[in-house]
Amino acid sequence: MTEIWHNPRCSKSRQTLSLLETRGIAPRIRLYQADAPSEAEIRAALAALGRPAIDLVRSGDALFRDLGLAKDAGEAQLIAAMAAHPALIERPLVLHDGRAALGRPPEAVLDLF
C-alpha cells in the first residue's frame, strides 16, 4: 500500500499527489494535520526514510521557534513536537513498501516505485 501525508494547501504536496496519480498510483491520502500521526507512526516514518527527526521537521516555520525548538534538539523532543503539532511535519511524505520519501522535489518519491 502507498500512503501520502498530504496537505492540499501545499503546492509540493499537490504536485506530488498529481505525479503519483498520473503514474497510475492511487495512494491512501492522509490529511496529516487533521489526522495527526502518533509518535510511533512518526518513528516508523523516520525509520523508513532512514533520516533523523530534524529532516522531517519544518525548522524554518515560526511554530518551530515559538515552541522553543532548536535544530540540535533531541529526537524524542522533535518527535513529540511533531505528534503534538502536525503542522511541523515536512510535506509531502510518501510511504510505500516499508520505505519513505519526501516529495521535495515531487519527483523524489518516484524512487520508491
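Which residue forms a salt bridge with arginine 30? In this predicted model, the partner is glutamate 41, and the closest N and O atoms of the pair are 3.1 Å apart. Arginine 30 belongs to strand β2, whereas glutamate 41 sits in helix α2 (residues 39–49), so the contact ties together parts 11 residues apart in sequence. The two ends are set differently against the surface. Arginine 30 has a relative accessibility of 6% and counts as buried. Glutamate 41 is partly exposed, at 33%.

The structure holds eight salt bridges in total. Another of them pairs glutamate 3 with arginine 28, with the closest N and O atoms 2.2 Å apart. This pair links distant parts of the chain. Glutamate 3 lies in strand β1 (residues 2–5) and arginine 28 in strand β2 (residues 28–30), 25 residues apart. Glutamate 3 is buried, with a relative accessible area of 10%. Arginine 28 is partly exposed, with a value of 38%.

A further salt bridge joins aspartate 61 to arginine 58, at 3.8 Å from N to O. Aspartate 61 is partly exposed, with a relative accessible area of 25%. Through shared partners, salt bridges connect Arg58, Asp61, Glu90 and Arg104 in one network.

The largest pocket holds about 160 Å³ of space. Its lining comprises 13 residues, and the closest to the pocket centre are Asn7, Arg9, Tyr32, Gln33 and Arg91. By class, six of the lining residues are nonpolar, three are polar and four are charged.

Terms used
Residues numbered from 1 in each chain as written. Predicted model: local features only at pLDDT ≥ 70, side-chain atom pairs only at ≥ 80, totals over all residues. Heavy atoms only, no water. 1 Å grid on protein atoms, 1.4 Å probe; cavity = no way out; pocket = protein on both sides within 12 Å on 5 of 7 lines; lining within 4 Å. Points joined across faces, edges and corners; volume = space filled by probe spheres on them. Nonpolar A, V, L, I, M, F, W, Y, C, P; charged D, E, K, R; others polar. Salt bridge = Lys/Arg side-chain N within 4 Å of Asp/Glu carboxyl O. Helix = DSSP H or I, 4+ residues; strand = E, 2+ residues; numbered from the N terminus. Buried < 20%, exposed > 50% of the residue type's maximum accessible area, 1.4 Å probe, protein only.
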